[in-house]
Amino acid sequence: MAADTGISLIEPQKLRPNPENPRLIFRLDELRVLQDSIKHQGILVPLTVYREGKGYVILDGERRWRCALKLALDTIPAIVQPKPDPLQNLLMMFAIHNQRQEWDPLPTAYKLRELEDRIAGDWGRQPTESELAEFASITRGEVRRLKALLALPEEYRTELMDELEKPRPDQVLTVDHVLEATRGAAALAKRGVLSDKEEMNLGRAVVDKFKGGVLKSTVEPRLLARMARAVEREEITPAVAHRAAVRIISDPKYTVEDAYKSSVQEADFAHGTEQLAGRLGARIEEHMTENYAPTDSLRETLEDLSKSIRRFLRG
């Protein structure tokens, strides 16, 4: 075996998991597939480890190591690297995550919080969003998303971790379901449509409808935000939006789309048409400012549009 670098053959019993690994969930069905591959082909990609005491800590390859133990392999190939300090160890885990997109977001979020705390301890201040993204080898958008997961109530995070234990085909609830549900409820609460308790109940109801299969589209809860914006524009009253939102809570079969249609769809459609008409009017003004004459095709299109507008206004 090489002294400290290069590829070494190491007994699996001398390795142990890295406590900083954001991968907290190891699904049995996925491990069985990998185990079958290793059984027939061996470990084709060496693990990456560092020496600690009389053994080694895994930097990359915990799934391969777990399969090796199951298969009772005598040795496994590994690249031995110098031992990192605690912050470097965590940074290396995130660097690996940047290449392994299948890591689950919620466990990764927990490790991001730990990374942020360690950087703050070293620097004496909290890292900015940009600094944290650079250290974690992820985008600022990913940082915001992971922090949004950490801000979820504990009951949701517990449910999501329980869901992650299931084989992927059996998973029903995702982090995006919960994020969309809570954001939609928060948008209505922000406009004074819901009380704090109603906000929590609405988020819970939408999550449960995802779990029960009543809601299919992950983005359907965004209609709640459109209801909230309609209230803000005074296109519908808070009472109308409240009545629709509360029915989502009380009626197990009532969907977010049902609530949207019953409260704001017509007003929202009118608002969208108003915006399009405004943009068209501004474009025509630009034509006149630039002294551009309408082409025959444009003239014909605008004349047809003018006829449609007159018919629409006559009702």
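Which side chain of opposite charge is nearest to lysine 209? Let's find out with a short tour.

The model is predicted, so local features need pLDDT of at least 70 and side-chain atom pairs count only at pLDDT 80 or more, while totals for chains, interfaces and linings use all residues. Residues are numbered from 1 along each chain as its sequence is written, and side-chain values use heavy atoms, leaving out hydrogens and water.

**Stop 1: helix H9.** Select residues 196-211, which form H9 (helices are DSSP runs of H or I, at least four residues, numbered from the N terminus). H9 has 16 residues and reaches 23 Å from first C-alpha to last, close to the expected 22 Å (1.5 Å times one less than its number of residues). Among its buried residues are Leu202, Val206 and Phe210 (buried means under 20% relative accessible area, with a 1.4 Å probe and protein chains only). Their cover includes helices H7 (154-164) and H8 (175-190). After H9, look for glycine 213, whose phi is positive, near 85 degrees.

**Stop 2: lysine 209.** Still in H9, select lysine 209, which is buried yet has no salt bridge (a side-chain nitrogen of Lys or Arg within 4 Å of a carboxyl oxygen of Asp or Glu). Here is your answer: aspartate 251 is the nearest side chain of opposite charge, 5.6 Å away (Lys and Arg count as positive, Asp and Glu as negative; His and chain ends are not counted). Lysine 209 also touches other residues, including Val214, Ile248 and Tyr254 (contact means heavy atoms within 4.5 Å).

**Stop 3: alanine 230.** Move to helix H10 and select alanine 230. Alanine 230 counts as buried because its relative accessibility is 0%. Leaving aside neighbours within four places in sequence, alanine 230 is in contact with Glu235, Ile236 and Val264.

Terms used. Helix = DSSP H or I, 4+ residues; strand = E, 2+ residues; numbered from the N terminus. Buried < 20%, exposed > 50% of the residue type's maximum accessible area, 1.4 Å probe, protein only.
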